[in-house]
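Below is a short note on the model, for use alongside the sequence and coordinates. Please read the points in order.

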Amino acid sequence: MLQEKLQDVFNEPGCSTNQAKSEKERKKGCSKALKPGAAAGGCAYDGAMIALQPIADAAHLVHGPIACLGNSWDNRGTKSSGPQLYRTGFTTDMSELDIIHGGEKKLYKAIKEIVQQYDPPAVFVYQTCVPAMIGDDIEAVCKFAAKKLGKPVIPVMAPGFVGSKNLGNKLAGETLLDHVIGTVEPEVTTPTDICIVGEYNLAGELWLVKPLLDEIGIRILSCISGDGRYNEVAQAHRARLTMVVCSQALVNVGRKMQERWGIPYFEGSFYGVSDMSDTLRTMARMLVERGADKAIIDRTEGVIAREESRVWRRLEPYKPRFDGKRVLLFTGGVKSWSMVTALEGAGLTIVGTSTKKSTKEDKERIKKMKGEEFHQWDDLKPRDIYKMLRDSEADIMMSGGRSQFIALKAKVPWLDLNQERHTPYAGYDGIVNLCEEIDKTLSNPIWRQVRLAAPWESKPDSRPVGA
Amino acid sequence: MGTIQRFPHSAKAASTNPLKMSQPLGAALAFLGVDRCMPLFHGSQGCTAFGLVLLVRHFREAIPLQTTAMDQVSTILGGYENLEQAVRTIHERNAPALIGVATTGVTETKGEDMAGQYSLFRQRNPALAGLKLVFANTPDFSGGFEDGFSAAVTGIVEEVVQPSETTVKGQINVLAGCHLSPGDVEELRDIIESFGLSPIFLPDLSLSMSGRQPDDFTATSLGGVTVEQIAAMGASEATLVIGEHMRVAAAALELKTDVRSVFFDRLTGLEASDRLVRTLSELSGRPVPAKLRRQRETLVDAMLDGHFFYSRKRIAVALEPDLLYAVTSFLSDMGAEVIAAVSPTQTAVLEKLKAATVMVGDHSDVETLARDADLIVSNSHGRQGAARIGVPLHRMGLPMFDRLGAGLKVHVGYRGTRELLFEIGNLFLSREMDHDEHGHGHAHGHGDGHEHGQHCGSGSCGCSAG
């Protein structure tokens with residue numbers, strides 16, 4: 001069953017990278033084979049949790065030994081404007097006896113407890129490696145529990161060892177398609193209802209975008225899954241248009257919603273000024289094509305004109321401060337690339353990027369944008385990054401939290417671009433936030449001090465201290 | 001685990017807001033206290049990723065931690081090849097002095113024969129004979145953080161320590177349990193060295209996890225006790241064993257080396273510190289240095305000044321067992337009432353706890369038990385529940401991701417006890433002052449504000465939940 005599902009997600013007509021592969025290559029899946037002893041990154045369960053946990057009013061129950069939840073809960077900055085149940089960590093905490101006797105009864109009991117005590121609109125149950133190995137049939141348990149307790153109980157079949165975080169995202173999407181989307185009808189629909197897929201409201205990013213949509217007159221019928229509500233997600237099939245945000249991960253949801261309910265989708269991004277404007281424009285145009293009032297196009301252009309002029313005006317003061325400052329981007333995702341134009345617009349120079357997670361097409365795209373001279377590193381070892389920073393080849397590194405200490409230990413400014421950050425970077429205001437963060441850290445007076453020689457050392461750090 | 005089953009387990013099937021962390025994570029921390037070490041989880045890559053993030057958030061340090069990246073096929077067919085490949089890759093890339101392998105739920109459920117795999121690896125890789133390799137059985141589905149830490153330390157003792165015919169005068173071993181922060185270990189070193197003794201700590205987190213500034217990039221742990229020092233532990237005069245969960249490692253060490261052990265169940269509190277100082281004075285044959293005498297005096301003074309605020313305070317404590325024991329004992333020493341002591345796992349030390357309720361449970365149990373408490377002492381995960389019931393939280397233990405300097409907190413010896421006494425005492429004191437200033441009708445807004453991620457600014461309401 002799970003194997004069929006895996007082959008299904010490995011064949012993704014909506015993904016150009018995937019379609020460019022041969023049949024055989026496709027079967028191997030999207031993620032590169034992991035090298036034991038030199039691998040990094042989360043597992044499929046991690047990815048599934050990332051994609052679904054932002055559904056704020058649902059209970060999220062992890063069926064497995066303590067490691068899967070106990071070591072990981074409460075570590076993401078996805079925000080909710082209302083219910084907080086998603087922040088509660090539930091696990092069956094399987095013991096040795098559960099493994100010997102099977103964990104199905106305990107799982108049912110756990111679901112029942114949660115329903116009785118918290119009365120959530122739904123319970124998501126996450127499969128993990130150990131119960132998958134001993135053959136706990138969580139799909140059957142969920143079905144039984146749903147019938148008995150009169151509530152949707154949804155099995156999320158993405159045990160860690162099936163693959164990477166990205167695969168887990170996809171499997172979470174499949175879960176929603178199989179069990180959730182289309183199960184609830186909205187009370188009212190409007191011609192401008194949209195569904196946003198792959199936006200997790202990290203640091204409240206969605207709230208930088210939503211006011212603009214409100215102003216234009218576009219309604220977010222459901223967001224998968226930032227600041228999400230179970231019933232809203234279940235109504236997604238009545239949207240007029242789907243926007244797929246993190247395209248690599250959840251394009252399967254957009255495509256299948258189109259197949260099943262005829263909802264067109266587009267891939268867009270909220271990061272960066274021009275991408276943001278493009279997204280708003282596409283949204284309005286496609287809604288009008290589906291019969292929405294033409295007036296929203298004018299309203300959209302009005303908002304874009306106002307916001308763009310405002311954002312460039314607000315970025316102006318940073319220009320002289322950023323002049324000559326060089327940024328090393330060290331992120332896998334293409335999404336950061338939509339920020340690049342905006343950063344360059346604010347006067348920064350991007351010196352290079354890692355392309356470990358990028359596809360061949362991405363690399364071509366980057367080459368086209370930046371020219372042949374631009375550095376792209378496929379497998380840059382931490383030691384090499386450290387050396388580059390130490391040798392002052394960049395003034396600031398922007399990356400995920402995992403690599404922050406490479407920069408900090410080299411005594412070079414660093415900025416978090418990933419899920420642990422506390423500042424929202426989406427939308428027009430987000431780009432200003434980002435520049436403000438860069439400026440704050442670049443101009444902090446500690447950089448000169450921490451590079452000073454200790455009283456007992458004769459040789460000071462030789463780097464210029466203008467940062 | 002061969003422990004007593006006296007204290008009630010929470011009867012729930014769904015552990016809610018877990019206090020427990022898994023065994024491999026504890027093992028990783030122990031390995032991180034060895035210089036030039038690379039801990040390696042034998043399991044799926046997610047096992048490593050979660051552990052890594054948790055330790056990074058706590059220590060704010062780069063954490064070396066690798067994975068054998070087991071997938072479905074290798075899980076079913078057996079993980080030896082992944083293990084061998086991982087060890088060889090790590091050796092080629094990073095040339096560590098020691099690789100510490102911890103099993104996980106995945107490999108333990110399959111029933112990988114680690115002893116067999118060890119022999120097979122040695123047989124097939126004679127060129128790597130110089131590489132120290134420690135295997136620890138740390139299944140996710142039994143025991144917890146402390147047990148994993150203990151298993152790793154025991155493994156290191158068995159693999160690395162050498163018996164010695166001679167004794168080095170003044171050299172003593174310290175088996176430092178995971179309830180000691182890097183800051184605690186540093187403090188202990190200070191105290192021990194002030195008697196002219198030279199300690200070898202196993203593990204030594206003070207040298208690796210307290211904020212190093214390396215000259216070059218290292219992918220392995222930087223600092224910590226060296227493999228050579230561990231090997232030389234057999235030549236020590238005595239071993240100080242800190243914490244109940246270090247007993248197994250202590251027994252292994254004694255069996256191997258005949259170095260006698262002196263056991264300390266805790267080092268927080270006046271009498272506990274006195275015992276340490278007396279022992280060190282006897283071992284070294286030296287009088288207690290003036291510095292420690294002054295520190296004792298100030299601790300006594302702090303107790304006199306502080307006891308007003310502690311008397312009959314109702315406190316709930318939820319921490320790893322040995323830290324739970326140290327903290328609850330200290331609080332009772334100060335005249336507070338521990339109304340609830342919650343441990344993530346069953347262990348022998350729970351027998352000794354002085355608390356109205358002792359249970360094995362999670363943060364939601366704390367939330368229930370602490371409703372009319374004056375204070376909760378727990379890790380950062382306790383903040384959500386504490387905010388919901390409007391009880392201030394004092395953070396201790398791991399993970400502590402919403403405070404700077406989590407790894408450098410000190411609560412051992414006269415000085416550390418004094419620090420802890422002031423920190424908790426000040427929470428009570430500021431609350432009382434606030435009440436005096438606002439009048440008694442003032443309701444504290446501990447509830448909703450925090451839920452929505454708003455910080456309470458100065459924390460002057462005595463609330464440290466954020």
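This is a predicted model: local features need pLDDT of at least 70, side-chain atom pairs count only at pLDDT 80 or more; totals for chains, interfaces and linings use all residues.

1. Helix pair, geometry. In chain A, helix α15 (residues 295-315) and helix α21 (residues 427-442) have axes that come within 9 Å and cross at roughly 5 degrees. Angles under 35 degrees count as roughly parallel, and α15(A) and α21(A) are therefore roughly parallel to each other.

2. Helix pair, residues. On the α15(A) side the contact is made by Glu307(A), Arg310(A), Val311(A), Arg314(A) and Leu315(A). Tyr428(A), Ile431(A), Val432(A) and Cys435(A) make it on the α21(A) side. By class, the residues of this contact are 6 nonpolar and 3 charged, with no polar ones.

3. Chain contact, extent. Between the chains, 54 residues of chain A are in contact with 56 residues of chain B. The 54 from chain A divide into 27 nonpolar, 15 polar and 12 charged.

4. Chain contact, elements. Which elements of chain A each supply at least two residues of the side that touches chain B? They are the helices α4 (44-52), α5 (66-70), α6 (96-101), α7 (104-118), α8 (129-134), α19 (382-390) and α20 (404-409), together with strand β2 (90-91). Of these, α7(A) gives the most, with 5 residues.

Technical notes:
Residues are numbered from 1 along each chain as its sequence is written. Chains are lettered from A and ligands numbered from 1 in the order in which they are written. Axes are lines fitted to C-alpha atoms, for helices over the stretch in contact, and angles run from 0 to 180 degrees between N-to-C directions. Helices (H or I, at least four residues) and strands (E, at least two) are DSSP runs, numbered from the N terminus. Angles under 35 degrees count as roughly parallel, over 145 as roughly antiparallel, 65 to 115 as roughly perpendicular and the rest as oblique. Two residues are in contact if their C-beta atoms, placed from the backbone, lie within 7 Å. Ala, Val, Leu, Ile, Met, Phe, Trp, Tyr, Cys and Pro count as nonpolar, Asp, Glu, Lys and Arg as charged, and the others, Gly among them, as polar.
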